[in-house]
Structures are given as structure tokens and as C-alpha cells.
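Hi,

Here is the structure I promised to pass on.

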Amino acid sequence: MALGSRYGAPLERREDGSLYQMTEAQQKSAVRLIEKNCCNYWHGSCLLLEDGELRSCPQKISYSVCC
């Protein structure tokens, strides 16, 4: 099974096998979109990852799409 195929299409990778990463401008734009539109985002935390403690939104601290 290809990585990512459990949830849909396989992950896109560069020719050298590394994952694509967002630029700083793209990451800032993604953070704004997440804060405005994500139904699981609450005051900097990801409600899906919460297990009794608040968990930081992985999208806000990463330069790759991981949600």
C-alpha cells in the first residue's frame, strides 16, 4: 500500500522522494485559512487531536500539509 493511500490518493513527492513544503508566504496563508475555516481549530488547538489536553494545531507549526 502506498503511503497516504489509506486516506485517498498517494502523497505527492519530488523526484528525489522528499515531500513538498510550503514557502513562508504559503504557510502564513494556510494559517489564516485554518483559523478562519477549520471546524476542528479552537484557540490554537486541534480538537481532533485532543485527548484530555489541548494539542497544538499541526498545520500552524509545520511547513507541510498534514491534515
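Contact here means heavy atoms within 4.5 Å. Not counting residues up to four places away in sequence, Lys-60 touches Gln-27, Val-31, Glu-35 and Tyr-41.

Quick housekeeping: this is a predicted model, so local features need pLDDT of at least 70 and side-chain atom pairs count only at pLDDT 80 or more, while totals for chains, interfaces and linings use all residues. Residues are numbered from 1 along each chain as its sequence is written, and side-chain values use heavy atoms, with hydrogens and water left out.

Overall layout: the chain has 1 helix and 2 strands, in the order α-β-β from the N terminus on. These are DSSP runs numbered from the N terminus (helices are H or I, at least four residues; strands are E, at least two). Of the 67 residues, 16% are buried, where buried means under 20% relative accessible area, exposed over 50%, and partly exposed in between (1.4 Å probe, protein chains only). Among contacts with a separation of 6 or more, 30% are between residues 24 or more positions apart.

Back to Lys-60, which sits in the segment after E2. Its relative accessible area is 28%, so Lys-60 is partly exposed. Its side chain makes a polar contact of 3.1 Å with that of Tyr-41.

Ser-45 itself lies in strand E2 (residues 45–46) and is buried, at 7% relative accessible area. Leaving aside neighbours within four places in sequence, Ser-45 is in contact with Asn-40, Leu-54, Arg-55, Ser-56 and Cys-57.

What about the cysteines: how many disulfides are there? The count is 0, taking a disulfide as a pair of cysteine sulfur atoms within 2.5 Å. For Cys-38, the closest cysteine sulfur is in Cys-39, 5.4 Å away, and therefore too far for a bond. Cys-38 is partly exposed at 29% relative accessible area, whereas Cys-46 is buried at 9%.

Finally, Trp-42 is in strand E1 (residues 41–42) and is partly exposed, at 44% relative accessibility.

Cheers

Technical notes
A polar contact is a pair of N or O atoms within 3.5 Å; within protein, one must be able to donate a hydrogen and the other to accept it, and residues adjacent in sequence count only if both atoms are side-chain atoms.
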